Amino acid sequence: MATRRDSDLEAAFVREYLADPDQNATRAALAAGYGGAKRNRHSARTAASRLLKRPHIAEQIQAAMDARAERTEITADRVLERLWAIATADPNEISQYRRCACRYCHGDKHLYHWLDVSEWEEACAKARDRKKPGAEPSNAGGFGFDRNAEPHPHCPRCSGEGIGRTHVADTRRLKGSARLLYAGMKETRDGIEAKMHDQMAALEKVARHLGMFKEQHEHKHTFESMSDDEIERRIAAYERGGENEA
């Protein structure tokens, strides 16, 4: 017969398991007080496997999840739709590598193409500051250079390859699946980098949900039908980075 302490520990485990965003059973057991004063992970993992096998624990967890889903109006279909949107989003809506025109692609007679008169005049002033008579650059290539124009296929300078540039979209204006795919920005040594959610992981979750993998039948077991060793193995695999099966 379960003692008051046992009941309190079980209730704490259920609370911690539901509160853990990854539903890490061992972590929940440790937080609930299993594992002893030294917080032994192996002991906590063993306790977690036993707890998940108990019908009343499984019922409490499922009932709480169902209630939470109802409160938040989260359904399996909505989750699946979101995963599918992430899996099929076009990363080019967030960041691109573009091949754009070089300065000689569209200048008159493929001479240096200036943005505008002001840019050319600034270049002339710098040449004069260096006190090199006659070093002012020519404007024979004309004005109106467009950084985003397509490379000229017969440009003698870049041979039609253009200049490579990285472009990151204004993330405030992302919409639809691209907005779901976007996961923030980070600064690197080479500049900013757009972070995105793992599309292959999202696609795999969709496929597993739809039963597209042969291994799918292995996931239809309940904790009640598994041995303690099997549950422990699955918990350990999850903690090493595998699928959350516990």
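**Figure 1. Nine helices and four strands make up the chain.** The model is predicted: local features need pLDDT of at least 70, side-chain atom pairs count only at pLDDT 80 or more, and totals for chains, interfaces and linings use all residues. Residues are numbered from 1 along each chain as its sequence is written, and side-chain values use heavy atoms, with hydrogens and water left out. Helices (H or I, at least four residues) and strands (E, at least two) are DSSP runs, numbered from the N terminus. Along the sequence the pattern reads α-α-α-α-α-β-α-β-α-β-β-α-α. Of the 246 residues, 30% are buried (buried means under 20% relative accessible area, exposed over 50%, partly exposed in between; 1.4 Å probe, protein chains only). Take the contacts (heavy atoms within 4.5 Å) between residues at least 6 apart in sequence: 64% of them join residues at least 24 apart.

**Figure 2. Helix H1 (residues 4-19) packs against helix H2 (residues 25-32).** The axes lie 8 Å apart, at an angle of about 135°. That makes H1 oblique to H2. Axes are lines fitted to C-alpha atoms, for helices over the stretch in contact, and angles run from 0 to 180 degrees between N-to-C directions. Angles under 35 degrees count as roughly parallel, over 145 as roughly antiparallel, 65 to 115 as roughly perpendicular and the rest as oblique. The H1 and H2 crossing is right-handed (the near helix is turned clockwise from the far one by less than a right angle; anticlockwise is left-handed). H1 contributes Leu9, Ala12, Phe13, Glu16 and Tyr17; H2 contributes Ala25, Ala28, Ala29, Ala31 and Ala32. By class, the contact of H1 with H2 has nine nonpolar, no polar and one charged residues. Ala, Val, Leu, Ile, Met, Phe, Trp, Tyr, Cys and Pro count as nonpolar, Asp, Glu, Lys and Arg as charged, and the others, Gly among them, as polar.

**Figure 3. Helix H5 (residues 76-88) spans 18 Å from its first C-alpha to its last.** H5 has 13 residues, and its reach is close to the 18 Å expected at 1.5 Å a residue (1.5 Å times one less than the number of residues). Leu80, Leu83, Ala85, Ile86 and Ala87 are buried in H5. The buried residues of H5 pack against helix H7 (176-181) and helix H8 (199-209).

**Figure 4. The axes of H5 and H8 come within 8 Å and cross at roughly 140°.** That makes H5 oblique to H8. The crossing of these two helices, H5 and H8, is left-handed. From H5, Ala76, Leu80, Leu83, Trp84, Ile86, Ala87 and Thr88 take part; they meet Gln199, Ala202, Leu203, Lys205, Val206 and His209 of H8. This contact of H5 with H8 has nine nonpolar, three polar and one charged residues.

**Figure 5. His113 sits in the loop between strand E1 (95-100) and helix H6 (117-129).** His113 is buried, at 8% relative accessible area. Beyond its neighbours within four places in sequence, His113 touches Arg103, His106, Gly107, Gly141, Gly142, Phe143, Gly144 and Phe145. Asp146 is 33 residues from His113 along the chain; their C-alpha atoms are separated by 9.1 Å.

**Figure 6. Lys109 has a positive phi, near 55°, in a residue other than glycine.** Most residues other than glycine have a negative phi. Lys109 lies in the loop between E1 and H6. Lys109 is exposed, with a relative accessible area of 79%.

**Figure 7. Ser159, not a glycine, has a positive phi of about 55°.** Ser159 is in the loop between H6 and strand E2 (163-168). With a relative accessible area of 56%, Ser159 is exposed.
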